[in-house]
Amino acid sequence: MPGRLLRGLWQRWRRYRYRFVPWIALNLSHNPRTLRYVPEESKDKVISDEDVLGTLLKVFQALFINDFNKQSDILTVLPEPVKSKYQDLLSVQHQRVKHLEYSHEEQNTFKPEEILYKTLGFSVARATSSLISAGKGVFVTKGLVPKGAVVSMYPGTVYQKYEPIFFQSIGNPFIFRCLDGVLIDGNDKGISKVVYRSCNGRDRLGPLKMSDSTWLTSEIHNPLAVGQYVNNCSNDRAANVCYQEFDVPAVFPIELKQYLPNIDYSNDKQSPLRCVVLVALRDIKQGEELFSNYYTIVS
């Protein structure tokens, strides 16, 4: 019995260590390819915030139009110019669908991963990692990810440095630390899942959802929200993506916030919502697994 218990604990540790921050930190000297050097925090940008925003708006707008028949409650509270814009976009979309041979052609609806492929030219999904005992990873399932593209998002509850996260952090390999100390809990199980869903319901304004909670389930509405399962690179698996922080601007369309996979732990915070995206460091082909730089060294 003790031997079986120890073997079980060892197997859990071998999966956990690929996302366990202290273990990664202690092994930096043996694994220099996991580091990315930037001159200062403000320059830790592979692409501009405008490019990140443009990509998110493009994907979210396509998802919104794809789900247009389910958006009736939201449309009733939107200004007329906004509703007219989506009506025009939907008309253009219908014209395009007529030239496509899809099994969903009659309904004119597609799966989220199909929308991602149609919009950005690639799709990503979780699957068993190619790293031994690393658990799940994220793979490019279709198409080609070009260098500089936003390839996924890190979902979860956003905690400021002074907010409580002790109990959520116990045995949790999915807590991401931003450069300024802000934490994002991307765990889709246990108390982390309960906290996120509670905050998601708290911030809802009638039919308007301020965040997406479907990443906690197997039916993900935002196909980019899989970034917490990207594993750390190693000496023989170089990083092909890196994390980049992004603060959601105040002008972000309220009807598209339903696809944001992040939410603040406190609802009285005045600063913008923090998101983290993963950006491709090179072209990534279909079938490749994503590997990240967990650490950015500011010189």
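The model is a predicted one. The protein chain holds eight helices and 13 strands. Of its 299 residues, 46% are buried. The accessible surface comes to about 15400 Å², and carbon and sulfur atoms account for 55% of it.

Start with an open sheet. Four strands make it up, in the order S6-S7-S5-S10, and their pairing is mixed. Strands S6 (175–177) and S10 (262–264) stand at the edges. Each has a single partner strand, so one side of each lacks a neighbour in the sheet. From one strand to the next, the twist averages 25 degrees. Strand S5 (residues 156–159) pairs with S10 in the parallel sense, over three bridges. Within that pairing, valine 158 has aspartate 264 of S10 as its bridge partner. Helix H8 (residues 190–202) packs on this sheet. H8 touches S5, S7 (183–185) and S10, and its direction makes about 75 degrees with that of S10.

Next comes the surface. Phe166, Phe167, Ile170 and Ile191 form a nonpolar patch there, with about 470 Å² of accessible area together. Isoleucine 170 sits in the loop between helix H7 (166–169) and S6. Its relative accessible area is 54%, so isoleucine 170 counts as exposed. Another loop residue is valine 46, between strand S1 (35–38) and helix H3 (49–66). Valine 46 is partly exposed, at 36% relative accessibility.

Now turn to strand S11 (residues 274–280). Seven of its seven residues are buried, so the strand is largely enclosed by the rest of the structure. In a regular strand, side chains alternate between the two faces of the sheet. Both faces of S11 are covered. Arg274, Val276, Leu278 and Ala280 are buried on one side; Cys275, Val277 and Val279 are buried on the other. S11 has antiparallel pairings with S4 and S9. Three bridges join S11 to strand S4 (residues 150–153), and seven join S11 to strand S9 (residues 241–247). Leucine 278 takes part in both pairings: its bridge partner is serine 152 in one and tyrosine 243 in the other.

The whole structure has nine of them. Arginine 274 meets aspartate 180 in one, at 2.9 Å from N to O. Aspartate 180 lies in the loop between S6 and S7, so this pair ties S11 to a part 94 residues away in sequence. Arginine 274 is buried, at 10% relative accessibility, whereas aspartate 180 is partly exposed at 31%. Arginine 274 also meets aspartate 247, at 2.6 Å from N to O. Aspartate 247 belongs to strand S9, so the pair ties together parts that are 27 residues apart in sequence. Aspartate 247 is partly exposed, at 36%. Shared partners join Asp180, Glu245, Asp247 and Arg274 into one network.

One further salt bridge links arginine 126 and aspartate 188, with the closest N and O atoms 3.7 Å apart. The residues are 62 apart: arginine 126 is in strand S2 (residues 122–128), and aspartate 188 is in the loop between S7 and H8. Arginine 126 is partly exposed, at 26% relative accessibility. Aspartate 188 is buried, at 7%.

Technical notes:
Residues numbered from 1 in each chain as written. Predicted model: local features only at pLDDT ≥ 70, side-chain atom pairs only at ≥ 80, totals over all residues. Heavy atoms only, no water. Pairing = 2+ DSSP bridges. Helix = DSSP H or I, 4+ residues; strand = E, 2+ residues; numbered from the N terminus. Axes fitted to C-alpha atoms, helices over the stretch in contact; angles between N-to-C directions. Contact = heavy atoms within 4.5 Å. Patch = residues over 30% accessible without salt bridge, like charges linked within 9 Å, V, L, I, M, F, W, Y side chains within 5 Å. Areas by Shrake-Rupley, 256 points an atom, 1.4 Å probe, with all protein chains shown as cover. Salt bridge = Lys/Arg side-chain N within 4 Å of Asp/Glu carboxyl O. Buried < 20%, exposed > 50% of the residue type's maximum accessible area, 1.4 Å probe, protein only.
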